[in-house]
Amino acid sequence: MHHMARPVLAAALGAALLSGCAVRPTNDTFALSATPEIATASATTTATKKLQILVPTPGAMQALAGQDIVVRLPGSEIRYLSKAQWGDNLPNLVQANLVAGLERTGAFGGVGMPGQGLAIDYQLVVEIRDFSIDAAGGGTANVSLAVKLVDDRSGVVKAQNVFDTKVGVNPTASNGVLVSALDQASAQATSAIVAWAVSTL
């Protein structure tokens with residue numbers, strides 16, 4: 001694509017066309033893969049369960065609750081990836097991926113989000129503890145999701161687990177490479193959570 005090959009020329013033309021108006025670079029917008037690989041061989045051999053699962057919007061600290069892509073630097077400093085953002089608030093993307101992954105197993109009678117009117121048996125309650133590029137160490141994309149399966153009628157926690165995935169990446173790589181590593185770590189975590197939910201319930 002010619003405009004990518006000539007960024008200086010494109011910027012100059014853009015400035016000229018806008019007659020001196022300030023040119024603000026648009027953030028590249030990234031999504032999480034909607035179809036992570038789900039390793040749930042048990043789901044195909046088990047009789048289909050009639051259980052219905054609700055996936056509420058995951059909780060997250062403020063830095064991870066928006067569209068910014070977090071980079072952790074030495075000394076506990078947090079920055080955001082320049083000129084890049086998620087296509088929606090991160091908890092919404094994680095929620096949508098988990099719903100899609102649970103649905104794809106065919107192991108449940110229904111999977112939904114709040115407001116969809118399902119009669120719920122269990123809630124999959126998620127807290128996003130980390131979802132960032134760690135540039136302080138050797139360079140990794142880190143995803144850490146703490147998950148509880150809660151009986152919706154009694155409020156009792158049936159099981160809980162923390163899913164940590166790390167994918168090595170050069171922290172000085174391009175935004176696309178960094179986000180791809182995060183996406184890969186997210187897909188691995190989603191796959192593990194879905195397999196765990198199927199085997200636990």
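## Aromatic pairs and a surface patch

A search of the whole structure turns up 2 aromatic pairs. Keep in mind as you look that this is a predicted model. A pair of aromatic rings is described by the distance of the centres and the angle of the planes.

**Trp86 and Phe131**

- The ring centres of Trp86 and Phe131 are 5.9 Å apart and the planes meet at 85 degrees, so this pair is edge-to-face; the angle needed for that label is over 60 degrees.
- Trp86 belongs to strand 6 (residues 84–86) and Phe131 to strand 8 (residues 122–134), so the pair ties together parts that are 45 residues apart in sequence.
- Are these two residues buried or exposed? Both Trp86 and Phe131 are buried.

**Phe163 and Trp196**

- Phe163 and Trp196 also make an edge-to-face aromatic pair, with 5.6 Å from centre to centre and 70 degrees between the planes.
- Phe163 and Trp196 are both buried.

**A nonpolar patch on the surface**

- Which residues form the nonpolar patch on the surface? They are Met61, Ile78 and Tyr80, and together they have about 260 Å² of accessible area.
- You can find Ile78 in strand 5, which covers residues 77–80.
- Ile78 counts as partly exposed because its relative accessibility is 32%, and that class lies between the buried limit of under 20% and the exposed limit of over 50%.

Methods. Residues numbered from 1 in each chain as written. Predicted model: local features only at pLDDT ≥ 70, side-chain atom pairs only at ≥ 80, totals over all residues. Heavy atoms only, no water. Patch = residues over 30% accessible without salt bridge, like charges linked within 9 Å, V, L, I, M, F, W, Y side chains within 5 Å. Areas by Shrake-Rupley, 256 points an atom, 1.4 Å probe, with all protein chains shown as cover. Salt bridge = Lys/Arg side-chain N within 4 Å of Asp/Glu carboxyl O. Helix = DSSP H or I, 4+ residues; strand = E, 2+ residues; numbered from the N terminus. Buried < 20%, exposed > 50% of the residue type's maximum accessible area, 1.4 Å probe, protein only. Phe/Tyr/Trp six-rings, centres within 6.5 Å; stacked < 30°, edge-to-face > 60°.
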